[in-house]
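Work through the exercises below with the sequence and the 3D structure at hand. Try each task before reading its solution.

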Amino acid sequence: MSHGTSDDAKATHEYRERILPQSSPRGAESAKHPELTEHCVMYPNAWARWRAVIREPAAEFLGTMVLVLFGNGVVCQVVLSGDPAVAGGSKGDYLSICFGYGTGAALGVWISGGISGGHINPAVTLAFAVFRGFPWKKVPIYMFAQLMGALCGAAIVYANYFHAIDIFEGGRGVRTVPGTAGFFGTYALDYLTPISAFFDEFLGTALLVMAVFAVTDKKNIAPKPGMVPLAIFFTVFGIALSFGMQTGFAINPARDFGPRLLTAMVGYGRDVFNFRNQYWIWCPILGPFLGALVGALVYDTFLFIGNESIINTAISEAKARDRARNAAHYPEKTAGEIV
């Protein structure tokens with residue numbers, strides 16, 4: 001908000017004048033003194049104009065980056081500190097990893113939630129687009145931002161820990177798959193069959209999306225907006241505790257694919273993609289996408305009654321047609337009387 005009517009302001013800013021009634025004290029004062037006219041500035045400078053365009057994808061980028069920073073970071077610290085050559089003693093355990101990923105998810109949503117919706121997960125974005133009317137034109141933009149955020153988050157973690165990784169691997173530049181590649185991407189345990197690995201990711205993501213849909217459902221016991229990240233924390237924390245052992249609980253295609261790209265770029269090579277016949281496609285990518293759709297379908301089919309879901313669209317449209325028909329037949333009734 002700014003006051004005054006300087007030529008410089010008119011030349012560099014977009015603004016609209018707030019016209020006050022002459023009868024109001026401020027309106028009468030502004031009429032006598034034009035320099036007191038109030039202006040609402042939409043873009044105070046050139047950067048503000050560009051920021052308005054990129055704000056939502058930037059929020060998804062930063063939110064996903066924070067998720068991976070905490071998630072990959074805690075894995076590196078816990079595992080690397082177990083090597084006496086790296087640290088004097090272990091700096092955590094599996095419970096620490098669960099807390100780290102839960103914290104990263106919560107903070108990522110806190111950072112981005114009020115701007116972009118806080119998806120920070122391509123599977124969540126897809127579920128909202130399919131079932132809740134999220135604009136399809138935004139889907140590729142969100143997904144790309146999430147992927148790049150995950151890649152950058154993994155790059156920062158790698159830059160922070162690569163000396164310790166050298167010691168852990170037994171030499172500078174030595175990199176093994178899964179080995180230390182598993183600090184960044186996810187790799188299933190040896191005994192798991194492809195179907196079992198897929199199902200593990202499918203189940204975890206279905207639970208995640210059901211929880212996301214529940215905590216954002218105003219006709220359920222949804223928490224206050226500021227408390228949604230806390231609910232996400234407990235959701236991710238619980239999934240990690242219950243279903244994280246076998247596949248590393250990717251439950252997020254960007255959280256796996258971004259760091260996997262990073263590992264391929266820094267010396268792990270094609271093995272990160274060739275592991276178990278392109279495991280990276282059918283488990284941490286297809287599993288979460290399909291799990292998200294099924295979780296959303298279950299919640300919206302049996303629990304959600306809002307009009308924004310495609311499950312309820314036909315009912316809403318039928319009611320709207322009935323109201324229009326009744327209004328045509330009984331024009332003397334008010335809109336409130338027509339049901």
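**Exercise 1.** Find which residues touch the most other members of the largest nonpolar core.

*Solution.* 
Step 1. Apply the definition: a nonpolar core is a set of buried Ala, Val, Leu, Ile, Met, Phe, Trp, Tyr and Cys residues joined through side-chain atoms within 4.5 Å. Buried means under 20% relative accessible area, exposed means over 50%, and partly exposed lies in between (1.4 Å probe, protein chains only).
Step 2. The largest such core has 69 residues, and Phe184, Phe213 and Ile232 touch the most other members. Helix H6 (residues 139-169) gives this core its largest share, 10 residues. Helices (H or I, at least four residues) and strands (E, at least two) are DSSP runs, numbered from the N terminus.
Step 3. Take Ile232 and leave aside its neighbours within four places in sequence: Ala105, Val109, Val212 and Val215 are in contact with Ile232. Contact means heavy atoms within 4.5 Å.

The model is predicted: local features need pLDDT of at least 70, side-chain atom pairs count only at pLDDT 80 or more, and totals for chains, interfaces and linings use all residues. Residues are numbered from 1 along each chain as its sequence is written, and side-chain values use heavy atoms, with hydrogens and water left out.

**Exercise 2.** Describe the surroundings of aspartate 256: is it buried or exposed, and which side chains make polar contacts with its side chain?

*Solution.* 
Step 1. Locate aspartate 256 in helix H9 (residues 253-268).
Step 2. Aspartate 256 counts as buried because its relative accessibility is 0%.
Step 3. Look for polar contacts (pairs of N or O atoms within 3.5 Å; within protein, one must be able to donate a hydrogen and the other to accept it, and residues adjacent in sequence count only if both atoms are side-chain atoms). The side chain of aspartate 256 has one of 2.6 Å with the side chain of threonine 186 and one of 2.9 Å with the side chain of arginine 260.
Step 4. Beyond four places in sequence, aspartate 256 is in contact with Gly185, Thr186, Ala250 and Pro284.

**Exercise 3.** Examine the backbone at proline 178, isoleucine 120 and phenylalanine 249.

*Solution.* 
Step 1. Proline 178 lies in the loop between H6 and helix H7 (194-215).
Step 2. Isoleucine 120, in the loop between helix H4 (94-116) and helix H5 (122-131), is not a glycine, yet has a positive phi of about 40°. Its relative accessibility is 4%, so isoleucine 120 counts as buried.
Step 3. Phenylalanine 249 lies in the loop between helix H8 (228-243) and H9. Its phi is positive, near 40°, and phenylalanine 249 is buried because its relative accessible area is 5%.
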